[in-house]
Amino acid sequence: MRIVLVGPPGAGKGTQAAFLAKNLSIPHISTGDLFRANISKQTELGKLAKSYMDAGNLVPDEVTIGMAKDRMAQPDAENGFLLDGFPRNVSQAEALDVALKADDVKLDAVLDLEVPEDEVVKRIAGRRICRKDSSHVFHVTYSQPKQEGVCDVCGGQLYQREDDSEDTVRKRLEVYHTQTEPIIDYYRTQGLVVTISALGKVDEVTKRAMDALKGDK
Ligand code: AP5
Ligand code: MG
C-alpha cells in the first residue's frame with residue numbers, strides 16, 4: 001500500500017506510523033526524521049533544514065522534494081510506503097503525483113488524523129524523542145519509557161525537540177493550517193481521504209486506523 005499520513009504537529013503521526021508500517025510491512029518515511037538525521041550528522045542539508053525547522057517554517061521544496069523522492073526510490077519502498085510529514089503543501093503533493101505517475105503507481109489512501117488543538121499542545125509539551133533515532137517517540141505522561149530519560153528501543157538518550165518550544169509550536173500550527181491543510185482538499189478531489197479521530201489510547205487509534213484503511217480498500 002502507498003499511504004500518506006496527515007495531521008497537525010503532535011497529532012501522533014510518528015507514533016501511529018511505527019505501528020501501521022509494521023502491520024502493513026511497508027517502510028515508514030518521515031521527512032522530519034530524515035531532516036533530524038541530517039542535523040545530527042551535521043550535513044549541509046541538516047544545517048540548512050535546521051534554520052527553517054527551529055523557526056517552525058517549512059524547509060524549501062527544492063531540497064525537500066528531492067530528499068523524499070530519493071528515499072522513496074530505495075528498494076524497501078518498491079511495493080509501498082507510509083509517508084509521514086510529506087507532502088506538506090500542494091506543490092509537494094503535485095510533485096508526488098508526478099513521481100508516482102512516472103512509476104505507474106498510485107496512492108491508496110490519505111489517512112487524516114483529527115485531534116483538537118488543546119490535546120495537540122499537551123502531547124507536544126510532554127514529548128521526548130531519542131537522540132539516536134528520532135522515530136523513537138515517548139511522552140512523560142502518556143507513553144513513559146521504562147527508565148526515565150532512556151529510549152526503550154535502543155537505549156539512546158531522550159530529549160525534547162528544539163522546535164517543541166511554545167512559540168515554535170504556535171508557528172508550526174499556523175503553517176499547518178495555511179499550507180498543509182489544503183492538501184486534504186487536494187486529495188479529497190481524488191477520493192483518497194480517510195479521516196479518523198486520533199483521540200484515545202495509542203493502540204485504540206492504531207485499530208481505528210487499520211479498520212479505516214481496510215474499509216477503504
Ligand atoms: P515533523 O517532524 O514532521 O513534525 P510535525 O509534523 O510537526 O509533527 P510532529 O512530529 O511534531 O508530531 P507527530 O504527529 O509525529 O506526533 P508524535 O507521534 O510525535 O516536522 C518537523 C519540521 O521539519 C517541520 O516543522 C518542517 O520544518 C520540517 N519538515 C518536515 N517535513 C517537511 C516537508 N515535507 N516539507 C517542508 N518541511 C518539512 O506524538 C506527539 C506526542 O504525543 C508524543 O509524545 C507521543 O508519545 C504522544 N502521543 C501520540 N499518540 C498519543 C495518544 N493516542 N495519546 C496520548 N499521547 C499520544
Ligand atoms: Mg512526527
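**View 1. Polar contacts to ligand 1.** A polar backbone atom of Gly85 sits 2.8 Å from a nitrogen atom of ligand 1. Here a polar contact is a pair of N or O atoms within 3.5 Å. Gln92 brings a polar side-chain atom to 2.9 Å from a nitrogen atom of the ligand, and a backbone N or O atom of Gly14 lies 2.9 Å from a ligand oxygen. On its own, ligand 1 has 1,000 Å² of accessible area, and the protein covers 96% of this (Shrake-Rupley method, 1.4 Å probe). This is a predicted model, in which local features need pLDDT of at least 70 and side-chain atom pairs pLDDT 80 or more, while totals for chains, interfaces and linings use all residues. Residues are numbered from 1 along each chain as written, chains are lettered from A and ligands numbered from 1 in written order, and side-chain values use heavy atoms, without hydrogens and water.

**View 2. The shell around ligand 1.** Look around the ligand and you will find 34 surrounding residues, the closest being Thr15, Asn57, Arg88, Arg127 and Arg172 (a heavy atom within 4 Å counts as near). Helix H2 (31-40) is among the elements supplying at least two shell residues, and H2 gives the most, with 4.

**View 3. Where H2 meets H4.** The axes of H2 and helix H4 (residues 61-72) come within 11 Å and cross at roughly 100° (lines fitted to C-alpha atoms over the stretch in contact, with angles from 0 to 180 degrees between N-to-C directions). The two helices are therefore roughly perpendicular (65 to 115 degrees). Thr31, Leu34 and Phe35 of H2 meet Thr64, Met67, Ala68 and Arg71 of H4 (heavy atoms within 4.5 Å).

Conventions: Polar contact = N/O pair within 3.5 Å; in protein donor to acceptor, adjacent residues only side chain to side chain. Parallel < 35°, antiparallel > 145°, perpendicular 65-115°, else oblique.
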